[in-house]
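Please consider the following report, which describes the contact between two chains and then selected features of each chain.

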Amino acid sequence: MTQTWNPIHQHLPGGTTYDEDRASFTWERARAELAGLPGGRGLNIAHEAVDRHVDEGRGDVTAIRCIAVDGSVTDISYAQLGDLSGRFAQVLTDLGVQRGERVASLLGRQPEQYVAALGTLKRGAVFCPLFSSFGPEPVRERLRLGSVKVLVTTADLYRKRVAHLRDELPDLRHVLVTGGVEDDRTLDLHELMASAAPGYTIPDTEPEDPALLHFTSGTTGKPKGAVHVHGAVVAHHATAAYALDLRRGDVFWCTADPGWVTGTSYGIIAPLTFGATLISYAGEFDAKDWYRTLAEQRVQVWYTAPTALRMLMRYGADLAHDYDLSALRHVASVGEALNPEVVVWGVEALGLPVHDNWWQTETGAIMVSNHRGMEIRPGSMGRPVPGVDAAVLVQGADGRAEVADGAVRFAEPGETGELALRPGWPSMFRGYLDDPERTAKCFGGGWYLSGDLARQDADGYFWFVGRADDVIKSAGHLIGPFEVETAFMEHPAVVEAGVIGKPDPVAGEVVKAFVTLRAGFEPTEELRRDLIAFGRRRLGGLAPKEITFDQHLPHTTSGKVMRRLLKARELGLPEGDVSTLEQAR
Amino acid sequence: MTNSTLTDAEARTLVAEAIQRIVPDADLDAVGDDVPLRAEFELDSLDFLSFVETLSQRSGVGITENDYEHLVTMRTCVGFLTGG
């Protein structure tokens, strides 16, 4: 393929090369870096993340530095985090929460988020983080699908998103709130924590015990809950060393919200397993505040997203030069493909190239990365992390990898195909909750099939091409069009909706809905505004930014809206083979 | 930075309209002048960019990234737009 961007050579003083790391790596050796529960009682993420450091004399180190929206700072040491998470585990025990039961959080980036996550893991229950910008509809759906027993949230979010849903959620036994109880169906988290017995002991935990439930979206159907196990921590730890160059005692900032998988795997777990100090910044994106945070906190390793980097680029490199970013040692990005301009801009603005990497909710950890010290080819997601085998597979007629007689074929260098991984890494999801059918569809010919299209160059670097399906990637968040369409069908004026990702220079894609109106409704500006508002109320951060009326949505012969055709129309592209289409009903 | 001839009332209407373009049912009257608008109306980064774009287009006031820190509450927005 044509290279229009020069490779960026890197030198990692005293470091090993990608090939050396790959050759010497085994998952057994990676497991040996972790402590395990004392007395050989198994492997628990929270022990590796917190108690281990206290046991080994690092209890005084700051584990989390929480920077609130008003700029105030709360430091939590490893010893304090050990105590708080233990108390939370005790609270769950006292409430009768059983191992394997789901505990969800609907919180901002605040101390309770981390305490709830780690306390749930200590209990052996399953932690299910929900993005605090979700509207009531996505929240209800995920709590229901996850049969969540306990929700931890703020008084404010409870009032806005949850209170009116309680009767529809019979499994939800307890809601623990920060900031004072809201009604007699909520419990005061801090009161419970204060009265809980200290000194909680983590029960024996098998590496295959479920630990995390992350909801993700497919093209069709409801959100899918990907289940991860405690053994995943081996991959969180190992990949953070290679792809993020994370080291013991680093100051580390992951800008992803813990409501998404990146914010849990690398915003909570991985840095804590290194005994790092993680920066938790509660505010939204703001260029100056972000640079100030990087400078004042002396951040050494920064893990962020293409959308944020593209927004920073708008300010120019000069703004970055106003801040002392000399502590930065490694910058990485994930969420969607990182354009080469941004990689190169990193050198100019931050003094470091941005290391793109690739992974998914299902993979649980980084799978393909621009390895520490490896030559960067701007625009490439890099090469498979040690311990992971990746390949590009030849596509069949439906765009997905072709599996014939149980076998797949490898694409030639430069040829686009489906990005696939050989199962066996510890953080691979163990299945979608209660959905073996959709789980099975992710595998074929002995490979995990990612649904992403990529190509590989002759030197083994992977290049992202696009999605093989209709899932939308907006600002690094995966959004299922079906979930958005379903919400709109509940509006009295809407008979049908088709939802696509419309390309956007900053966010990658933004959600756009095409809406067919029921007879008797006029496509007025007022109705369009009403629908926009309806979407935001129901869906929060998943809501479409744009709505267009369309009384002639294209359908397949089986009656499904052809999102691909809608997208082609939106982009002014040829509509391709429309032989499977039936014109508007 | 600004050189506008907007009155306070005009600026206020403009801010309200720019928010309502994104959040059509936003009730600006119910929100105090010192309430941060992004948090109150749950504007994400993209929403905020389109808010700024609308403000700039309709007011004729050039708004650069460096001005964003003035666009926080109704009071600071009006102050910025009227050059106050």
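Chain B touches chain A through eleven residues, which are in contact with 20 residues of chain A; two residues are in contact if their C-beta atoms, placed from the backbone, lie within 7 Å. On the chain B side, helix H3 (residues 45-59) gives the most, with three residues. This side of chain B divides into four nonpolar, one polar and six charged residues, where Ala, Val, Leu, Ile, Met, Phe, Trp, Tyr, Cys and Pro count as nonpolar, Asp, Glu, Lys and Arg as charged, and the others, Gly among them, as polar.

The model is predicted: local features need pLDDT of at least 70, side-chain atom pairs count only at pLDDT 80 or more, and totals for chains, interfaces and linings use all residues. Residues are numbered from 1 along each chain as its sequence is written, while chains are lettered from A and ligands numbered from 1 in the order in which they are written.

Chain B has four helices and zero strands, in the order α-α-α-α from the N terminus. Helices (H or I, at least four residues) and strands (E, at least two) are DSSP runs, numbered from the N terminus. The radius of gyration of chain B is 11 Å, close to the 12 Å given by the globule rule for 84 residues, so chain B is as compact as a globular protein of that length. The radius is taken over C-alpha atoms, and the rule is 2.2 Å times the number of residues to the power 0.38.

Among contacts in chain B between residues at least 6 apart in sequence, 66% join residues at least 24 apart. The C-alpha atoms of chain B fill a box of roughly 30 × 25 × 20 Å, taken along the principal axes.

In chain A, nine strands form an open sheet with mixed pairing, in the order S2-S1-S11-S10-S12-S13-S14-S15-S16. Two strands pair if DSSP finds at least two bridges between them. Strands S2 and S16 of chain A stand at the edges, each with a single partner strand, so one side of each is left without a neighbour in the sheet.

| Edge strand | Residues |
|---|---|
| S2 (chain A) | 73-77 |
| S16 (chain A) | 383-384 |

Within this sheet, strand S13 (residues 330-333) and strand S14 (residues 354-358) of chain A pair in the parallel sense over three bridges. A:His355 in S14(A) is the bridge partner of A:Ala332.
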